[in-house]
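Here are my notes on the model you sent over. Have it open while you read, and go through the points in order.

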Amino acid sequence: MKKTALLAISLCISLLSTAQVWTVYNTANSDINGNTVLALATDRKGAKWIGTSEGLNKFSGNNWTDYAMFNKKLKGQFVNCLTIDKKGILWVGTDDHGVIEFDGTHWKEHETQTRKLKMKFIRTIVIDQNDVKWIGVTLGGLVRYDNKKWELFSTKNCSLVSDFILCITIDDQGNKWIGTNAGISVLDKYGEWKHFTPSNSPLPDNIVPGIAIDKKGVKWMATLGGLCSYDGVNWNIYTTKNSQIPSNQVNSLAFDRNGVLWLTTDKGVTAFDGKYWVTYTTKNSPLPSNVIQNITIDDQNNKWFGTDFYGITCFSGFTIAGRVVDDFGQGMKDIVVQAGNQKVKTDAQGNYRIDVKNGSALSVKPLIADREFTPAEHTFSSVSSFQLGKNFVVTTPQKPSAEKISIVSHLEDGYITVSFESAIANVEILNSNGENVLTVEKYKKGKRIEIPNEVINNPFHVIIRTKKGVRSIKLTPEGKKAVSKDRKKM
């Protein structure tokens, strides 16, 4: 294990030379007390409180503090969750000692309630708008504490779907969304219960270790069968079969302040902006392990990833990512893409990814001699969020089409039709940045192609591929053909 950890550290150092936005903390390079990281919280002063399998740490500036020296019960103790209330009091969830409060000087333990309510193996603590604490206990159910009275909800006294609590999230209406090993239970502010399981909903798996809510109130659930979202009516399921999620085992979720969803899996960390995905692994980032258990995002929008055996990793920058494809839509491998002083090569699918510091000013472009590509470059005056889907289409020498191809424009009604001599064709719509926004496979001539609203008000390309060749036709917002010719050899 030691040798593996040292190798991981060496790899991280070499990668950090080109990406200064990643930092790894473990027992070999810092004073953190354990490499299995279970929880993290940020206080008002920006200090990080980190729970590990060996107790509680505080990381402030460059200084580490092991709080076992102040509370012996924390020595060698699993600290599973951390939450800070409105008064700045730290709430610590442990394996053997239940819930512990710490105000920075004094410790308050709830030994009587821990024994009475069997509050061992605390999994999660969340605090609602009324300062009520909701405590999830592994195998022990849900505990409510209003700072005076303790109340237990379990399968014995209510319709909670399971006593094995994995996560709790509270929405703007005060409803408690409780993830368990048997589905989701929802407790509303009136005390009524509702449940979602694979047997009564599209929820892809019973085990739900994480729930996050976006700015629109949509609930996102991490399950061992994939990622899913629920807006109160519609469900969307994301798996390895229908999306770029790297694994169906999703361990935790969090939204950053730009609205990007972050999910940790057993095959790396993935960010999803609602349209594009980008995944970080040990192969393309300084992450020391692909098995990431938890994520926390601090007030500075830094992402902290906790692992089982390799410490904690902080990502403090942003990512620019996209694809370099030919005008058949096929990814181009080993194309050098430059962003500022950084250069990377595309992978087998044509994907590139560059991590940059917050506020970076730069342009991104592929370095391809004697070839045209659209757009010529992507320029950023100050990178302050994720820039995904920054694609480039490279002109490929092709044989001109040997058949007549024409477009009938009905842009005033939002659609076009295409005619050709072959039986079927593949049709693609590229926006003014050269990004593919629509692909129609096995298109039959004369059928309507609805043009997306965000495309129709700017010049765009229609690429028609038949067995006899390819033609690219450019349309303007007025519906006139700006270019109507076959691709020529360069």
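**Notes on the predicted model**

1. Let's start with Asn301. With 3% relative accessibility, under the 20% cut-off, Asn301 counts as buried. Its phi is near 70°, a positive value in a residue other than glycine. You'll find Asn301 in the loop between S26 and strand S27 (303-307).

2. Asp131 is another one to look at. Asp131 sits in the loop between strand S10 (122-127) and strand S11 (133-137). Its relative accessibility is 15%, so Asp131 counts as buried.

3. While you're checking the backbone, have a look at Thr374 and Pro375. The peptide bond joining them is cis, with omega at about -5°. Pro375 is in the loop between strand S34 (373-374) and strand S35 (378-380).

4. Now the overall picture. This is a predicted model, and the protein chain has 3 helices and 44 strands. Along its principal axes, the C-alpha trace spans about 85 × 50 × 35 Å. Of the 490 residues in the chain, 54% are buried. If you take the contacts with a separation of 6 or more, 48% of them involve residues 24 or more positions apart.

5. How far can you trust it? The chain averages a pLDDT of 90, and 92% of the residues score at least 70. Two stretches need caution. Over residues 1-18 pLDDT stays under 50, and the model gives that stretch 15 contacts beyond four places in sequence. Residues 482-490 also stay under 50, with 25 contacts beyond four places in sequence.

6. Next, the inside. The largest nonpolar core has 36 residues, and Trp262, Phe305, Val364 and Phe386 touch the most other members. Several strands supply at least two residues each, among them strand S24 (268-272), strand S25 (277-280), strand S26 (292-297) and strand S33 (362-366). The largest share, 4 residues, comes from S29. In soluble globular proteins, nonpolar side chains tend to be buried together.

7. Leaving out residues up to four places away in sequence, Phe305 touches Trp22, Trp262, Val269, Leu287, Ile292, Asn294, Ile295, Gly311, Ile312, Thr313 and Phe315. There is also a second, separate core of 19 residues, which includes Leu411, Ile429, Ile464 and Leu475.

8. Last one: Thr282, in the loop between S25 and S26. At 23% relative accessibility, Thr282 counts as partly exposed. If you want a distance to check on screen, Thr282 and Gly183 are 99 residues apart in sequence and 31 Å apart in space, C-alpha to C-alpha.

Methods: Residues are numbered from 1 along each chain as its sequence is written. This is a predicted model: local features need pLDDT of at least 70, side-chain atom pairs count only at pLDDT 80 or more; totals for chains, interfaces and linings use all residues. Side-chain values use heavy atoms; hydrogens and water are left out. A nonpolar core is a set of buried Ala, Val, Leu, Ile, Met, Phe, Trp, Tyr and Cys residues joined through side-chain atoms within 4.5 Å. Buried means under 20% relative accessible area, exposed over 50%, partly exposed in between (1.4 Å probe, protein chains only). Contact means heavy atoms within 4.5 Å. pLDDT is the predictor's confidence in each residue, from 0 to 100.
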